[in-house]
Amino acid sequence: MTKAVTEAWGAGSAQGKAAKRRQRYPTLAYLEKTARRRVPRFAFDFVEAGTGGHLGVRHNREALDGIQIVPRYGAAASVSTDVELFGMRYATPIGIAPVGTDGLIWPGATLALAHTAATARIPYIVGTLASASLETVASICPDSFWFQLYGLPAKDHAVSFDLLKRAAAAGAHALVVTLDAPVRPKRPKDMRNGLVVPFRPTPRTVFDVASSPLWALQLLKAGTPGFPNVERYLGTKPTLAASAGFVQREIKGTFSWDEMRRLRDQWPRALVVKGVLHPGDAEQAIAIGADGVLVSNHGGRQSDAAPPAIDVLPGIVAAVGTKTTVLFDSGIQSGLDAMRALALGAQAVFCGRAFLFGLGALGDSGSDYVADLLADELRVAMAQHGVATFGQLRNAERRHPSAFRFKNGTPPV
Ligand SMILES: Cc1cc2nc3c(=O)[nH]c(=O)nc-3n(C[C@H](O)[C@H](O)[C@H](O)COP(=O)(O)O)c2cc1C
C-alpha cells in the first residue's frame, strides 16, 4: 500500500470508529449504562450516588427538566460558544468539575481529564483529592488549569496554605474553594460496599473486580489510585491506607469567612467560592473579595433537603450577577442542560459525573468523547432555539416553575 493510501485508510478507519461511537453512545445516558457494566460496582456506585435516599440527584434532574426556553425563528444563527473567564478564553463554557478519588472509576482518570481539557480548550478544576498531582496536571493543560482547595485546618491551615502556594506556582488560573462539605455525608451505598476507611473488601468486591477485566487491566497499568496532592504531608512513605486515613482525619470540607479572607489575601489570581446556594453567601463571597461563585449542591451528594442548584441560580444571579462571575454545576447531563443554566445567567457550567461516566465506559478517550458530545449538543440546542450568542440566550423567554423564591430576595425572572 502507498503512504497516501495507508493514510487515507487510517483516516477512514478513525472516522468510521468515531461514527460507530456516535451511533452507540448518542447521549450520556448510554455512556452511563456502559460504565455501570464495565466498572466494579463499588466504584460506579461511589460516583453515581447521592447522599441518603438519592433525592438530591433526582431533584436536580427534575428541576432541570422543568425549564423551558421559547425558540425564535427567522434569523440565521451562526452559533458562537467561546467564552472568557478570568482573562482566559475557552472554546465552550462547559468545564470539568473537581472530582476527588476520580481514579476509582478509571485508574489514571486525572491525567485523561487533563488531556481532554487541553484538547477541548475547556477549564478543568483539579481537585485536592485528584489522582495526579496538581503540578503534573498544570504541565499537561496549562491554559485550562484551575485548582480546587479543601480545608485542612490542622496547624492553622498550614497544608491548605502550602497547597495554595503550590497552585499559584504551578500557574492555576483560579483557586476554587469548596465551602459546602462541612461534614462527611452518609452515603449508604458506599457503606454497603465497604468503601470506608480503612477499605474493607468483601467477597463481592473481589467478584466485582474480577468481572471488570478492562478496569482491572487499567488498574495494573495506572497503579492504585492515591492522593498525590497531599501525600507529601504525611511524613513517612505513604501507603494508600495511611493517605486515606490522613484525608479522612484532616480534611474539613469548608472554611469560615475569616479563613477565606486569609486565602484571598495570599492568592494572586481569581478566587471562586464553590457550593453557594444562598444569595447571602454569594454576597459574603464578594465581601471577602472573591471574583466568582460556583452555584452548586455538590451534585446532590451532601444533603437530600438542599434545593436543586438550578432552582437557586436565578435568585443568586439577580442578587450578584452584575458584580461577580456566576458559575454553575449539579446535574448537567447534556448540552441542553448547559443551555438551560446559561439562559438563567450562569457564565459557564461544570460537569462531574458526565466526564467520569465517559471514562468508565470508554477508557482514556471517554472524557474527550464527552467534551465533544456536550459541546455539539450545546451548539445544536442554541441553533434550534434561534440564539447565536449567550447574550441572546439570557434574553430568551423561559419558564422555570420550580425556581426558588428567597425571603426578601429579588424575585427570579
Ligand atoms: C465522585 C465525585 C467526587 C467529588 N469530589 C469533589 C471534591 O473532591 N471536591 C469538590 O469540591 N467537589 C467534589 N465533587 C462535586 C463536583 O465538583 C460537582 O459539584 C458535582 O459533581 C456536580 O454534579 P454532577 O456530577 O451532576 O455534574 C465530587 C463529585 C463526584 C461525583
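Reader: Let's start inside: how many residues does the largest nonpolar core have, and which have the most contacts inside it?

Author: This is a predicted model, where local features need pLDDT of at least 70, side-chain atom pairs count only at pLDDT 80 or more, and totals for chains, interfaces and linings use all residues. Residues are numbered from 1 along each chain as its sequence is written, and side-chain values use heavy atoms, leaving out hydrogens and water. The largest nonpolar core has 111 residues, and Y124, F147, I310, L313, F328 and F355 have the most contacts inside it. Helix α18 (residues 366-384) gives the largest share, 8 residues.

Reader: What makes something a nonpolar core?

Author: A nonpolar core is a set of buried Ala, Val, Leu, Ile, Met, Phe, Trp, Tyr and Cys residues joined through side-chain atoms within 4.5 Å. Buried means under 20% relative accessible area, exposed over 50%, and partly exposed in between, with a 1.4 Å probe and protein chains only. There is also a second, separate core of 15 residues, including Y90, A174, V176 and L327.

Reader: Which residues is F328 in contact with, beyond its neighbours in sequence?

Author: Contact means heavy atoms within 4.5 Å. Setting aside neighbours within four places in sequence, F328 is in contact with L294, V295, A309, I310, L313, A341, A346, A348, V349 and F350.

Reader: Why is the protein called as compact as a globular one?

Author: First the parts list: 19 helices and 12 strands. The radius of gyration is 21 Å, close to the 22 Å that the globule rule gives for 413 residues, so the protein is as compact as a globular protein of that length. That radius is taken over C-alpha atoms, and the rule is 2.2 Å times the number of residues to the power 0.38. Helices (H or I, at least four residues) and strands (E, at least two) are DSSP runs, numbered from the N terminus.

Reader: How much of the protein counts as buried, and what share of contacts joins residues at least 24 apart?

Author: Of the 413 residues, 52% count as buried. Among contacts between residues at least 6 apart in sequence, 73% join residues at least 24 apart.

Reader: Where does K155 sit, and how do you know whether K155 is buried or exposed?

Author: K155 is in helix α7 (residues 154-169). Its relative accessible area is 75%, and the cut-off for exposed is over 50%, so K155 is exposed. The phi of K155 is near 50 degrees, a positive value in a residue other than glycine.

Reader: And S330, buried or exposed?

Author: S330 has 5% relative accessibility, so S330 counts as buried. S330 is in the loop between β10 (325-329) and α16 (335-343), and has a positive phi of about 110 degrees although it is not a glycine.

Reader: Which residues of helix α12 are buried, and what do they pack against?

Author: In α12 (residues 240-250), S243, A244, G245, F246 and V247 are buried. The buried residues of α12 pack against α11 (228-231).

Reader: What does L277 touch, and where is L277?

Author: L277 is in the loop between β8 (270-276) and α14 (279-287). Not counting residues up to four places away in sequence, L277 touches S296, N297, A306, A309, V312, I316 and F406.
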